[in-house]
Amino acid sequence: MKIKHFLLATSIAAIAVLGGCAPVDENASAPEQIQPITKWNTFRQAFLEEYFQVNPTFAVYQGKHEFDGQLPDWSKPGLWYQIKSRQEAIAEAQALHDRNWGESDKFERDYLIASLQGELFWLVEADGPHKNPAYYLGALDPNVYIARPYANSETRMKAFIAYAKNVPLAAEQITANLQLPLPETFLKLGQAGFGGFADYYSGDAKRAFADVDNAELQTEFDLVAATAATAMHALSDYIGSVPATPDGFALGAEKFSKMVASTEGVDIPLAELKAIGMADLQRNQQALAAACADFAPDASIVDCMAKMVANKPA
């Protein structure tokens, strides 16, 4: 599911790029893109501004560093607005018609609608905020301040400090949202993620800013990182406070059908989709067996694949 979130975010990022809001090198100079004034461009710009406000961590990754340090509002009203804002954007986009539109405008609109419908599936149908820790892990990841040199170390260190100050409230909201017990697979992922962040704050993150020659800032970093780590450890302990269930992670046939329709635009019956997948799997298995018969005729399929990997050019 984390991969799916990434793909959906990537699709919104593509809309931002097409709309002239692509991530930029803040140190580079380039002519500003001038967009023609159309109903779609006006809507798109307003949508992006709203989307960045609701999803500030996504905005940061798009180069909007005025949102540095901010985290989404995961309170009950905040989650309600996450849903409402997407539903309203879809309705407004569907109602837009302009005889002067080009094909690219129509494509962007349809692309945006499909992307938001996919996001709504994970918010509403799958109920990610209440059932799956993975819903939060991407937005909580502060790696952008560490690994992306968009500014000098001191500036990024200040951004990380602002982020760390917001972590305890986020942890409280997540604690209030997640419904226990979690399925075993979700619990393992959540504890690895939340606990991993706690270790990261005082470990790799601290080392990343070791060259910042500002004793006051270093002291503040240590304090807020420790508080944030405590909050993440408490969250990890909380979700493990009730024994996990061996099942409960599966969407089920009905929701799975809705998932592929909402996130991939595939609306064929599930039985037909399974048949297509099984046929493709069989075709690939046959191709692999044929390749292994030539490459390592006396080896099992597993041993053959291991040999293929070992002999793969670096």
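Predicted model: local features only at pLDDT ≥ 70, side-chain atom pairs only at ≥ 80, totals over all residues.
Local features were considered at pLDDT of at least 70 and side-chain atom pairs at pLDDT 80 or more, whereas totals for chains, interfaces and linings use all residues. Residues are numbered from 1 along each chain as its sequence is written, and side-chain values rest on heavy atoms, with hydrogens and water left out.

One cavity of 30 Å³ or more is present, a cavity being a set of points, on a 1 Å grid over the protein atoms alone, where a 1.4 Å probe fits but cannot get out. The largest cavity holds about 50 Å³ of space, the volume being that filled by probe spheres set on the points, which are joined across faces, edges and corners. Its lining (residues with an atom within 4 Å of a point) includes Thr57, Val60, Tyr61 and Asp141. Helix 3 (56-61) and helix 8 (143-147) each supply at least two lining residues, helices being DSSP runs (H or I, at least four residues) numbered from the N terminus.

The structure holds 14 salt bridges, defined by a side-chain nitrogen of Lys or Arg within 4 Å of a carboxyl oxygen of Asp or Glu. Lys165 forms a salt bridge with Glu220, with the closest N and O atoms 2.9 Å apart; this pair links distant parts of the chain, Lys165 lying in helix 9 (residues 153-177) and Glu220 in helix 12 (residues 215-239), 55 residues apart. In helix 11 (residues 204-208), Asp204 and Arg207 are three residues apart, about one turn of the helix, and their side chains meet in a salt bridge (2.5 Å, N to O).

Notes:
1 Å grid on protein atoms, 1.4 Å probe; cavity = no way out; pocket = protein on both sides within 12 Å on 5 of 7 lines; lining within 4 Å.
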